[in-house]
Each structure stands twice: as structure tokens, then as C-alpha cells.
Amino acid sequence: MKITYSSKIRSLILVAALSVGLGFVSPVSAQGGSYILDTHSQQLIKLGTLGGNVSYAWAINDAGQVAGESNGHAFITGPNGVGMTDLGTLGGGFSSASAINDAGQAVGRSTTPGVVGWHAFITGPNGVGMTDLGTLSGEGFTGHSDSGGVNDAGRVVGYSLTVADRWHAFITGPNGVGMTDLGTLGGYSSFATGINAAGQVVGYSNTVSSGGNHAFITGPGGGGMTDLGTLGGVFSVAQDVNDAGQVVGWSNTATGAQHAFITGPNGEGMTDLGTLGGDDSYATAINDAGQVVGYSDTAAGERHAFITGPNGASMTDLNLNSLVELPAGTVLAPTLDINNVGQVLVTAVIPEPHSYALMLAGLILVGFMVWRKQVLA
């Protein structure tokens, strides 16, 4: 189950801000945003905000509590996305929640007083309180850390700058206690993006020989780091893992395209999930049934949200074969998360005026890919 979501799509915030700076009226702010698509009740539930125009949701737990960011502060909602609670900060001006477990413990990052950068945090159940997790650099060092995921024991994974000024993946003990460096696949950096109930951690790391990052999975409790390989190209990225150890993410292929993948239990094998008819696809989350969500290019050159059946079977375009009736003109773009009860966290855009929506969608995708290329460089 995806009770984690890393900060990899936070660049959307910057791109949305850019669209305002360019003088466009953002249709996302006015007529779109983050939604829960409930495949059982056949509802599309729009999330509120903390007083701004839009909220950015990153993760959903089995109760339907959502974690994310609105108006510069981390938030969680109540069950099924109802209400929104401001989680505050670690003393600075900004925070963002990137993952939530079934107890309602949220994790993310926040600025702190007198520190240049941000620190990872964890809250208590239902978002109560916020604890600074520190960094791998040691107390008092001006550095950064960020949370990528949390399991139901409160073990947090993410990435932090080390004393050597390198990004390394980390895992904590239960309820965020302690921070252990997970090392790398032989290169200089690694990033942890998800964790399951057994403490198997996934992410991506530099390797010595490939010239790019490779997806990895660890053993239970974060022990060991196994290279998951690629779909024939030079890099791969793991984004999530379920309790069976099935890993999803994306990899470039021998032709240079980027395709979503799923592995077998405990990271065994890597299967190309294909696309919705276009060149590229990206898997962002998986639940315990093996249903995968993400987004893909279509034959028409658009990017649409997708969902698969159990174990990654049969990629379906949520816009063309929606499990709920969508309001007229709604486009389901990046799909960010899925829980075990069939609730999918999506970004919806109502393209009105049409040209502005297309411009914003293009900017979002460009911003995401620029960020990704910088990290993978």
C-alpha cells in the first residue's frame, strides 16, 4: 500500500507560480486542484485549502486521510478528505507533508529557525505535534533532510545531506527515533522514496558503472541494498513498494523512452507496464492488491492518469474509462497515490480557457522533467 509519497513532484508548485509570473490566469487554481477519486462510491471529492487558492496533495491512507501542502503549510485531512488541519512548522515559515500512515502520522519537511534549508519531520497520530528528525550531518550542522515515506510503525525514510555534503537515503526507528544512513549502490548519492510494513525501503541511487541512477530495494528493516536494474536503459527510479515487496517506478528503455514498471515480490524481476499509446509513462504508487497508478503519454500527445488491475495488469486511462462520472471538461493528469480501499489521489484540471490550461499543463510537465534531469545528473 502506498502510505508514502516522496517530494518528487513538488516542482509543480514552482511551475504553477511561474505561470502566475508569466501573467496567465491559472485554471488549476481557479477550477482544478487535488481530488480523491473514489472508485467504490463513484465520487470525485475535491479537497479544500488552508486559505489559499489551491492545495497540493501527495498521499492518502486507508481511512482516506490526505497529506500535502496548502498556503505554504503542511496539512492532513480527516477521513475521506473531509476538513483540513494546518500542521504548522518546525519554527520556520514553510512546511509540506509528503506521506501519511494509517495512524495519521504525517511526515514531510519544514524550515526551522536559524537553519538554511529544511529538516524532515514526523507528527503524532492524526497530525498532532511535529518532531524534527534532524539530519545525517549531525546536530547543529546547516543541512537538509526530507521525508519520503512512513510505515504504520512510524519508521520514516527519506534523504539527507551527510557531513561529506552528499545526499544519502536514511531510515529511522519506530516513531521517527534515530536516523540511519542506508548508503548507496556504490555511487555518491541515494534517495529513499517508500517503505512497507516489513521495513523494506525503495528508492534510487548512483551506481559505479551505469552512468545513472538505479532503483533499489532493501531487506526488512532497511538492511542491504539491491540494485533492481533497468528496462534496458541506463537509469531507473523506484517510487513505491507494497507489503509484498512489489516495487513500482519508471525506467528508460533501450530506445530512450521512459516506461512505468512493476516488479514481483521482494523486487524480483522488472516488467514494463507500457503506455497509453504515447512514448512515456510513470508509475507513482501501488497498493497491496498490486494496482498501480501513475500517468502516461497518449497517442494524441497528452498526459493522462492511469490505473491498472491487480499486479499491474491492463493499464487503463482514467479519462476515457473512468470509474466515476467526471464533470464536463475535466482532465485527470498526474495520479499520485492509491490506497487499499480503491481511493485514488489525482490532480484534476478543467481546461477553461482551453489555451491557458494547455499552457499550464505543458509548464508543469517541463518543470517536472527539468527537476528529474537535475536529480539524475
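Colleague: How many helices and strands are in the chain?

Modeller: Happy to start there, with a word on the basis: this is a predicted model in which local features need pLDDT of at least 70 and side-chain atom pairs count only at pLDDT 80 or more, while totals for chains, interfaces and linings use all residues. Residues are numbered from 1 along each chain as its sequence is written, and side-chain values use heavy atoms, with hydrogens and water left out. Helices (H or I, at least four residues) and strands (E, at least two) are DSSP runs, numbered from the N terminus. Counted that way, the chain has 3 helices and 28 strands.

Colleague: What share of the 377 residues in the chain is buried?

Modeller: Buried means under 20% relative accessible area, exposed means over 50%, and partly exposed lies in between (1.4 Å probe, protein chains only). Among the 377 residues in the chain, the buried share is 61%.

Colleague: And how much accessible surface does the chain have?

Modeller: Accessible areas come from the Shrake-Rupley method with a 1.4 Å probe, and for residues only the protein chains shown count as cover. Carbon and sulfur atoms hold 56% of the accessible surface, and the total for the chain is about 13,400 Å².

Colleague: Which residues are linked in a network of salt bridges?

Modeller: A salt bridge here is a side-chain nitrogen of Lys or Arg within 4 Å of a carboxyl oxygen of Asp or Glu, and the count comes to 2. One joins D280 and R303 at 3.7 Å, N to O, and it links distant parts of the chain, with D280 in strand β23 (residues 277–286) and R303 in strand β25 (residues 303–307), 23 residues apart. R303 also forms a salt bridge with D297, where the closest N and O atoms are 2.5 Å apart. The network therefore consists of D280, D297 and R303.

Colleague: Which residues form the negative surface patch?

Modeller: Patches are made of residues with over 30% relative accessible area and no salt bridge; like charges are joined within 9 Å, and nonpolar side chains (Val, Leu, Ile, Met, Phe, Trp, Tyr) within 5 Å. Lys and Arg count as positive and Asp and Glu as negative, while His and the chain ends are not counted; the place of a charge is NZ of Lys, CZ of Arg, CG of Asp or CD of Glu. D102, in the loop between β7 (95–100) and β8 (106–110), is partly exposed at 33%. The patch is formed by D102, D152, D243 and D288.

Colleague: Which residues does T123 touch, not counting those up to four places away in sequence?

Modeller: T123 sits in strand β9 (residues 119–123) and is buried, with a relative accessible area of 4%. Contact means heavy atoms within 4.5 Å. With those sequence neighbours left out, T123 touches L87, G104, Q105, A106, V128, G129 and M130.

Colleague: What is the phi of N71?

Modeller: N71 lies in the loop between β4 (66–70) and β5 (73–76) and counts as exposed at 55% relative accessibility. Phi is positive here in a residue other than glycine, near 55 degrees.
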